[in-house]
Amino acid sequence: MDRLLSPGGGLSGENHARRGQERELLIVGGSFGLREFSQIRYDAVKIKIDPELEKKLKMNKISLESEYEKIKDSAFDDWKNIRGPRPWEDPDFLQGRNPEILKTKTT
């Protein structure tokens, strides 16, 4: 308890007032900042797009069902999953094309 009331301690006069003002400034400033940033979201909703573009987007509807109908009759029995190379790997070696064999075939 003595430490809280001692000079330089937790609730001493000047130190507490200075830190209290900083906290109040942070809280009040944060609420104004939050209000401004959230207002941007509501203002962006009010922006209208070009009527020509909107008409074009409405005409060009692609649904999940239409895409499914396109690929439902495809045969995936011979599907082979090939992993792409990572930046540090050699793409020819990874995909089964050994560079030494390729060099001998081209010469």
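Reader: What should I know about the model first?
Author: It is predicted: local features need pLDDT of at least 70, side-chain atom pairs count only at pLDDT 80 or more, and totals for chains, interfaces and linings use all residues. Residues are numbered from 1 along each chain as its sequence is written, and side-chain values use heavy atoms, with hydrogens and water left out.

Reader: How many salt bridges in the whole structure?
Author: Four. A salt bridge here is a side-chain nitrogen of Lys or Arg within 4 Å of a carboxyl oxygen of Asp or Glu.

Reader: Which residue does lysine 58 pair with?
Author: Glutamate 54, at 4.0 Å, N to O. They are four residues apart in helix 3 (residues 51-59), so about one helical turn separates them. Helices are DSSP runs of H or I, at least four residues, numbered from the N terminus.

Reader: Is lysine 58 buried or exposed?
Author: Exposed, with a relative accessible area of 56%. Glutamate 54 is partly exposed at 34%. Buried means under 20%, exposed over 50%, partly exposed in between (1.4 Å probe, protein chains only).

Reader: And what does lysine 72 meet?
Author: Glutamate 69, in a salt bridge of 3.2 Å, N to O. Lysine 72 is partly exposed at 42%, and glutamate 69 is partly exposed at 46%.

Reader: What about arginine 35?
Author: Its side chain meets glutamate 36 in a salt bridge at 3.3 Å, N to O.

Reader: New topic. Where is tryptophan 79?
Author: In the loop between helix 4 (64-71) and helix 5 (91-94). Tryptophan 79 counts as exposed, at 61% relative accessibility.

Methods: Helix = DSSP H or I, 4+ residues; strand = E, 2+ residues; numbered from the N terminus.
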